[in-house]
Amino acid sequence: MEALSFLMQGLSVAMDPMLLLYALIGVTLGTAVGVLPGIGPALTVALLLPVTYGHDPAGSLIMFAGIYYGGMYGGSTTSILLNTPGESASIITALEGNKMARAGRGGPALATAAIGSFIAGLIATLALAFLAPYVVKVALAFGPRDYFALMCLSFITVSSAFGDSARKGLISLFIGLSLALVGIDQLTGQARLAFGVPQLLDGIEVTTLAVAMFALGEAFFVAGNRATGDDQVIAIKGSVWMTAQDWARSWKAWLRGTVIGFPIGALPAGGAEIGTFLSYAAEKRLSKHPEEFGNGAIEGVAGPEAANNASAAGTLVPLLTLGLPTSATAAIMLAGFQQFGLQPGPLLFVTNPQLVWGLIASLLIANCMLLVLNLPLIGLWVRLLTIPKPWLYAGIMVFATLGTIGANPSPVELAMLLIFGLMGYLMRVHGYPIAPVVVGLILGPMAEQQLRRALSIAQGDVLTLVGSPLSATLLAFSVLALVVPMVLRMRGKGQMLSQLAAEED
Amino acid sequence: MSGYNPSQRRPDGAALAMAGLLAVLGGVILWDAARLHQTGGYSGVGPGDVARWIGYALLALAVWSGVAAFRETPVRPPRQDAVSVLWVAGGLGAQILLLNTAGFAIATGLLFAFTARGFGKRNLALTIPVGIIFALVVYLVFAGLLKLTLPAGPLEHLFLGK
């Protein structure tokens, strides 16, 4: 049980008062952005990257992970009380949760979401701790070609396997890959696509792109769609506490949601929301009260909320052990690691075990903090929803630009922010997914490096790319992930896929 | 054969525009890759090769988009309120222009007010002062306490006294 002793070591690291403070700040911020519609955890971490530069790496990373977990808790509040999901992984929760709130059962809906999130987060974080050492052992044997194949799989699943059009997903991905070309080539030092502009030699900052596309793009989009009427916050009536029957109906849904959500997060399939859809479908099929679905069935809140927290923990498996982000938030967290000169992957477990295990252990602590923040203090968060939209978005714009100004107050950088913001807006209007652009920008240079390394080892022999069983299998899966959904769509079965569309978190 | 003739319908303008943009982007990347000095080393793949593949992929996607514009039923995007979007974008523009002369608080205060205008708070005489005070508080917290370097103007010097 080496994982257990590592975890104990990690707990002793994470108990440091400063790190506890970072975790508390992270989960509080995370809950707040989860509650507020329009801003999600990916964006918040991106905003904080420049602010944390020069602070303690362990503390900052713990804070980022806390924001990720907190966002998953907070999103349910908005879904249940406002019928507007706070972040994309809570869309499903709005279906049943809002109906429950309208029927005066908002309290139990919030409670089953919070307790389900807690249980799922706890189990999934433990699963992460026990699984990580095994994945690390496997990953140590990975060569450049295997990494390249893994990234290809990641590209395809993030961009085109889900959503309503493979074409639009691939276009988004290749826009990201094109942006990744800008700057100095890592292997030969030649400038690509810089056009003599010195600010472009460093390449396009991940944080600038992420903030522009997620925050500014969303703000433009909401401004453009303002015609739709204001939403009504439903007051919580009656008891917050769940009845014995609620408990009896919830606990199985929590566990099933966890079992569904964790592997979905861990696979390079992008996004926590896919697990929530599958969990909802499973609960609907297995329920003894199918007639309640659509009218406020508690299982329909408990299962998906557990699933989205479990997949948040699942996402950390490939991120920490392979350095492979499978969601937008994970991609931004990878940028956070790199900002501190750390490269997640099997080597990080060897060179910096204290940091990795401290991070994993602190997630267990963060989870407990979140339960306290979200059950007794729920009334405070609900008040955030009463901020009028003009003030809310004006504030979001100030903080969105603050990060970029703090990192690099040049007009060129800010102009890029504006241009990418408008690009994100137009992409939203015309139904192009955003996450593939960010994933392409982050993974593009890594994939190129691994590819060129693999070819160097084989002295230019292209067949080396399918030369190991692992890389051949992964590439075969990538082709399947590209072709099978396209065939399904052609046969008119695309509706299910577009429902599974991976969005930003 | 089934009497369906795609050319009778108007093509999807958005998809056509996307096809054009992708073609231009692909062309620029190919042009840039062609002028790179190729040093493939052992791999036989130099800095220009990966760029060239991406360029070709973009051209292929441009063709795909162009074909789709004529064959797929266009999805009408939701109606957009352009004036509101322009107010928010204009706020950012004002911030970029004023940042290094007027300082963080005034430039960001204008961004705040213009954004609020885009979301329906029309009274700029109220929102600009509120925005400047808000941005000044943000400045004092982030530059003063968290040591973030933000451009200072007359207002900031007044408060931090430099």
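Residues are numbered from 1 along each chain as its sequence is written, and chains are lettered from A and ligands numbered from 1 in the order in which they are written. Because the model is predicted, local features need pLDDT of at least 70 and side-chain atom pairs count only at pLDDT 80 or more, while totals for chains, interfaces and linings use all residues.

Confidence comes first. The model scores ipTM 0.88 and pTM 0.85. Helices are DSSP runs of H or I with at least four residues, strands are runs of E with at least two, and both are numbered from the N terminus. Over residues 1–7 of chain B, pLDDT stays under 50. Where pLDDT is low, the predicted coordinates should not be read in detail.

Next comes the layout of chain B. An automatic or database domain assignment gives chain B domain 1 (6–71) and domain 2 (82–160). The centres of these two domains of chain B, taken over C-alpha atoms, are separated by 40 Å. The UniProt record, an unreviewed entry, places the feature "transmembrane region" at residues 12–31, 51–70, 82–114 and 126–146 of chain B; such annotations use the numbering used here, have shortened feature names, and may be inferred rather than shown by experiment. In the model, residues 51–70 of chain B are 100% helix, and the end C-alpha atoms of this span lie 29 Å apart. Residues 126–146 of chain B are 95% helix and 0% strand.

Now the interface. In total, 60 residues of chain B are in contact (C-beta atoms, placed from the backbone, within 7 Å) with 48 residues of chain A. Helices α1, α2, α3, α4 and α5 of chain B each supply at least two residues of the side that touches chain A.

B:Val85 is found in helix α3 of chain B. Is B:Val85 buried or exposed? B:Val85 is buried because 22 other C-beta atoms lie within 10 Å; the cut-offs are 20 or more for buried, 12 or fewer for exposed, and partly exposed in between, with C-beta atoms placed from the backbone. Leaving aside neighbours within four places in sequence, the contacts of B:Val85 include A:Phe220, A:Tyr425 and B:Gly118.

Notes:
Contact = placed C-beta atoms within 7 Å. pLDDT = per-residue confidence, 0-100.
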